[in-house]
Amino acid sequence: MNTVKVAGLLAPIVDGEDAAVANLAAQFTAAASAQGLVDVAYRMIDSPVGQLLLAGTEAGLVRVAFAVEGHDSVLEALCAAVSPRIMRAPARLDAAARELDEYFQGRRQSFDLPLDFRLAQGFRREVLGHLPEIGYGQTASYAAVAAMTSSPRAVRAVGTACARNPLPLVVPCHRVIRSDGSQGAYLGGAEAKSLLLALEAGAK
Amino acid sequence: MPAPSDAAAVIPEQISTALPPFEVLITHHGAAVLRVCRALVGPTDADDVWQETFLAALRVYPSTGSVRNREAWLVTIARNKAMDHHRKAARLPLPDGGPGSGEQGLGALTVGEHGVDEHGAGETGHGGGDVVVRSVEAGETAAAVWAALATLTPMQREAVVYHHLAGLRYAEVAGILGNSEAAARRAAADGMRALRALLDHERTQKQ
């Protein structure tokens, strides 16, 4: 919002400019996207686990963030890690929004979306690559996931990889639980994790 | 430009700068840039120049970490785009409507300088009068102000617009106009005096 205090003499000309700017911003987003200038597009969606931020690059979905992560700080992190050319441009995320919606309705068991894993490097990336092997409605322990990787004893590192998963829900870190069968932590909160596991158990 | 140092060689450039998402620039400065565009090319072509301004800014945005005042930067781009526009159109740098076209609106100039100093655009009918009439009057009044702005010399108009409408400090205005801070301040003051005289004159004429 513009904070410039306009002198009384000139005040009449700022009437209605908020609507004009909103209109211009919408056209701008479309033009910038068409010219390939939007490095990161994002949108918000509502879900049973709260509002989600979806962000995508030209390569694919790059970030799914829960509200508890703080969407403003998520966007700032994307600025630093990917590019500051960030716009709220929902069209690029239409497919992701639709598939997540289907998932929450119990009508989708796996995602068919191009994914951009640039926010997870090295071993974290390797761990994320194995998570889809845990099927819908199934769970696996951190130790079991570690056993799938090139470092079968790196149980703690598996926990870190899950906790910092840039693509939760789509890459199912919520299916990784403790060896004793308890659910363990989740970056979207423990409640969200139990909701997801119950959803998948019920819709089977 | 940051001074060269050992650290600069190691740290990737994107980490050394903390740029906000580009979208924030539109939220914070979109209105000010629109005022500048309207003042420099007129309301009809302002939208195109606004788009060109922000597209140009977006293109180079990742490498602008050293820009200190983003609004002054955007206003400078807008000014360049406005000049390009005039060159292309080979038109006089005047907004639509000359000095004479304000007649229909000036009678409705009920929003005097004293009424809204602290409220700006948020002025919401002191008398609680007819909202529709007020909004029509506001549109006519705005047209009158644009027309009055168009009668100023280019230097005065730009100084008024950059300082009073875009909120830049005189030092920044001077940087854009290529003159001194004192000259920028004088041009804005002269411009505001001329505007006041013109708008007061036409208002009393109409009454």
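## Chain A: contacts and fold

Among contacts in chain A between residues at least 6 apart in sequence, a contact being heavy atoms within 4.5 Å, 60% join residues at least 24 apart. This is a predicted model, in which local features need pLDDT of at least 70 and side-chain atom pairs count only at pLDDT 80 or more, while totals for chains, interfaces and linings use all residues. Residues are numbered from 1 along each chain as its sequence is written, chains are lettered from A and ligands numbered from 1 in the order in which they are written, and side-chain values use heavy atoms, with hydrogens and water left out.

The secondary structure of chain A comprises 7 helices and 6 strands, where helices (H or I, at least four residues) and strands (E, at least two) are DSSP runs numbered from the N terminus. Read from the N terminus, the order of elements is α-β-β-β-α-β-α-α-β-α-α-β-α. Along the principal axes, the C-alpha atoms of chain A fill a box of roughly 70 × 35 × 30 Å. Of its 204 residues, 50% count as buried; buried means under 20% relative accessible area, exposed over 50%, and partly exposed in between (1.4 Å probe, protein chains only).

## Interface of chain A and chain B

At this interface, 37 residues of chain A are in contact with 48 residues of chain B. The buried area, defined as the accessible area (1.4 Å probe) that two parts lose on being put together, summed over both, is about 3800 Å². Carbon and sulfur atoms give 68% of that area. On the side of chain A, Leu9(A), Ile13(A) and Phe28(A) lose the most area to chain B, together 20% of what that side buries.

The count between the two chains is 1 salt bridge, the criterion being a side-chain nitrogen of Lys or Arg within 4 Å of a carboxyl oxygen of Asp or Glu. Glu17(A) and Arg35(B) form a salt bridge in which the closest N and O atoms are 2.4 Å apart. Helix H1 (17-34), helix H2 (71-81) and strand S4 (86-88) of chain A are the elements that give two or more residues to the side touching chain B. H1(A) provides the largest share of that side, with 9 residues.

## Domains of chain B

Chain B is divided into domain 1 (17-89) and domain 2 (99-206), with bounds that come from an automatic or database domain assignment. Their contact takes 12 residues from domain 1 and 12 residues from domain 2. The area buried between the domains is about 1100 Å², of which carbon and sulfur atoms give 65%. In domain 1, Arg35(B), Ala39(B) and Arg79(B) lose the most area to domain 2, together 40% of what that side buries.

Between the domains there is 1 salt bridge and there are 5 residue pairs in polar contact (both at pLDDT 80 or more). The elements of domain 1 that give two or more residues to this contact are helix H3 (22-41) and helix H5 (70-89) of chain B, and H3(B) gives the most, with 6 residues. Arg79(B) and Glu158(B) meet in a salt bridge at 2.4 Å, N to O. The pair links distant parts of the chain, 79 residues apart, with Arg79(B) in helix H5 and Glu158(B) in helix H8 (residues 154-165) of chain B. Both Arg79(B) and Glu158(B) are buried.

## Further salt bridges

Over all chains, the count comes to 14 salt bridges. Arg108(A) pairs with Glu99(A), the closest N and O atoms being 3.5 Å apart, and both residues are buried. In chain B, Arg87(B) forms a salt bridge with Asp84(B) at 3.0 Å between the closest N and O atoms. Both lie in helix H5 of chain B, 3 residues apart, about one turn of the helix. Arg87(B) is exposed, at 61% relative accessibility, whereas Asp84(B) is partly exposed, at 28%. Salt bridges that share partners join Glu99(A), Glu102(A) and Arg108(A) into one network.

## Cysteines

The structure holds 0 disulfides over all chains, a disulfide being a pair of cysteine sulfur atoms within 2.5 Å. Cys162(A) is in no disulfide, and the nearest cysteine sulfur, that of Cys173(A), is 5.5 Å away. Cys162(A) counts as buried, at 5% relative accessibility. Cys79(A) is buried as well, with a relative accessible area of 6%.

Technical notes. A polar contact is a pair of N or O atoms within 3.5 Å; within protein, one must be able to donate a hydrogen and the other to accept it, and residues adjacent in sequence count only if both atoms are side-chain atoms.
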